[in-house]
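Student: I have a chain open on my screen and would like to talk it through. Could we begin with its surface and then go inward?

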Amino acid sequence: MDKNYLRELDNVIQRAALMIEGESVNLIKSSIPPPLSPKTLLSKLKAGYSPIPLIRTGELLQSIRSEKTGELESVVGAFSKYAIFHEFGVPSINLPQRPFMVPALDNMLPTIEDEVKETLRRTDL
């Protein structure tokens, strides 16, 4: 495969990772349902924190990043130690799911697919 093709596809993969990263941050900032319980909301507000469910110290938002890990390879993740608990929930402690990574991928997939198709078309692959 020609190096230009690989470079073009590698650029698409890096842009895709950045799109997913940005979308997951946007989802968190948009107040993912379900809403906080009245007790939790009041506690957060009294302590001076944001009323948005997944924003308190900003650690979760700051932990979301994408990284090029190889040729035609990038990783996107939330690297906070508690991100997984919010993404999938913890029923035993009554912590509901508030997914942001999987929905970010789902939301961006049509755009990513279009970019890959366009790159393949443009480079005659």
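This is a predicted model: local features need pLDDT of at least 70, side-chain atom pairs count only at pLDDT 80 or more; totals for chains, interfaces and linings use all residues.

Student: Which elements build it, and in what order?

Tutor: There are five helices and two strands. From the N terminus on, the order is α-α-α-β-β-α-α.

Student: What about contacts between residues at least 6 apart in sequence: what percentage join residues at least 24 apart?

Tutor: Of those contacts, 58% join residues at least 24 apart.

Student: Let us take a single residue. Where is serine 24, and is it buried or exposed?

Tutor: Serine 24 is in helix H1, which covers residues 3–29. It counts as buried because its relative accessible area is 0%, under the 20% cut-off.

Student: What does serine 24 touch, leaving out residues up to four places away in sequence?

Tutor: Serine 24 touches Ile64, Phe100, Met101 and Ala104.

Student: Then methionine 101: which helix holds it, and is it buried or exposed?

Tutor: Methionine 101 lies in helix H5, residues 101–122. With a relative accessible area of 15%, methionine 101 also falls under 20% and is therefore buried.

Student: Which residues does methionine 101 touch, with the sequence neighbours up to four places away set aside?

Tutor: Methionine 101 touches Ser24, Val76, Gly77, Ala78 and Glu87.

Student: A change of topic: what is the volume of the largest pocket?

Tutor: The largest pocket has a volume of about 530 Å³. It is lined by 23 residues, of which Leu36, Thr40, Pro53, His86 and Leu95 are the closest to its centre.

Student: Which helix gives the most to that lining?

Tutor: Helix H2 gives the most, with three residues. Helix H2 (38–46) and helix H3 (59–63) each supply at least two residues of the lining.

Student: And how does the lining divide by class?

Tutor: The lining has 12 nonpolar, seven polar and four charged residues.

How values were computed. Residues are numbered from 1 along each chain as its sequence is written. Side-chain values use heavy atoms; hydrogens and water are left out. On a 1 Å grid over the protein atoms alone, a cavity is a set of points where a 1.4 Å probe fits but cannot get out, and a pocket is an open set with protein on both sides within 12 Å along at least five of seven lines; lining residues have an atom within 4 Å of a point. Grid points are joined across faces, edges and corners, and a volume is the space filled by probe spheres set on the points. Helices (H or I, at least four residues) and strands (E, at least two) are DSSP runs, numbered from the N terminus. Ala, Val, Leu, Ile, Met, Phe, Trp, Tyr, Cys and Pro count as nonpolar, Asp, Glu, Lys and Arg as charged, and the others, Gly among them, as polar. Buried means under 20% relative accessible area, exposed over 50%, partly exposed in between (1.4 Å probe, protein chains only). Contact means heavy atoms within 4.5 Å.
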